[in-house]
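Biologist: I have a model on screen and some questions about how it is put together. Can we go through it step by step?

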Amino acid sequence: MLHEGFLKFLSPEEVAFWIPHGTTEIYPDGNTIFYQGHYPLGLYIFTQGLIAVEYIKARKTQQITLGTPTMLAFNHLIESTPNKYTVRCLKPSHFIFLPKNNIRPFLKSAKSIQN
């Protein structure tokens, strides 16, 4: 089971809010977006493609696939804690990326989006 606050499914309006504040990134299939145990470099909003969220459970790698607009690891970013999951692309995937330093002015707005 995923840690609460790790994933936030977004509406098209919520995705549109972030587009002007970040950069659009396209990652090829097989690419790792971030690793379990690493601190987040910024906010990732998955908008298109197919990704897998991987984590260790009972010494086996578990995998959940996502295919909808999703904000990833927001809780780890605002709490300054390491990621509990690894995220990999299963197909070429599009993201909006906001570096950690650029997101501070938006934390109030982002917290309201998370709730």
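Modeller: Start with a term: two strands pair if DSSP finds at least two bridges between them. Keep in mind that this is a predicted model.

Biologist: With that term in hand, which residue is the bridge partner of Tyr44 in strand 7?
Modeller: Strand 4 covers residues 42-48, and strand 7 covers residues 70-72. The two pair in the antiparallel sense, over three bridges. In strand 7, Tyr44 is bridged to Leu72.

Biologist: How many bridges join strand 4 to strand 9?
Modeller: Strand 9 spans residues 93-99 and runs antiparallel to strand 4. One facing couple is Leu43 and Leu98.

Biologist: How many of the seven residues of strand 4 are buried?
Modeller: Buried means under 20% relative accessible area. Phe46 has 0%, so Phe46 is buried. Strand 4 as a whole is mostly covered, and its buried residues number five.

Biologist: What is the angle between the planes of Phe46 and Phe95?
Modeller: The structure holds nine aromatic pairs. Phe46 and Phe95 form one that is tilted, with 5.5 Å centre to centre. Their planes make an angle of 45 degrees.

Biologist: How many residues apart in sequence are the parts that this pair ties together?
Modeller: Phe46 lies in strand 4 and Phe95 in strand 9, so the pair links separate parts of the sequence. Phe95 counts as buried, at 1% relative accessibility. The separation in sequence is 49 residues.

Biologist: Which residues do ring pairs link into a cluster?
Modeller: Phe46 and Phe95 both belong to it. Tyr44, the partner of Leu72 in strand 7, is also a member.

Biologist: Now the whole chain. What pattern does it follow along the sequence?
Modeller: The protein chain has four helices and nine strands. Read along the sequence, their order is β-α-β-β-β-β-β-β-α-β-β-α-α.

Biologist: Of contacts between residues at least 6 apart in sequence, what percentage join residues at least 24 apart?
Modeller: A contact here means heavy atoms within 4.5 Å. Among contacts in the protein chain at least 6 apart in sequence, the share joining residues at least 24 apart is 82%.

Technical notes:
Residues are numbered from 1 along each chain as its sequence is written. This is a predicted model: local features need pLDDT of at least 70, side-chain atom pairs count only at pLDDT 80 or more; totals for chains, interfaces and linings use all residues. Side-chain values use heavy atoms; hydrogens and water are left out. Buried means under 20% relative accessible area, exposed over 50%, partly exposed in between (1.4 Å probe, protein chains only). Rings of Phe, Tyr and Trp (its six-membered ring) pair if their centres lie within 6.5 Å; planes under 30 degrees apart count as stacked, over 60 as edge-to-face and the rest as tilted.
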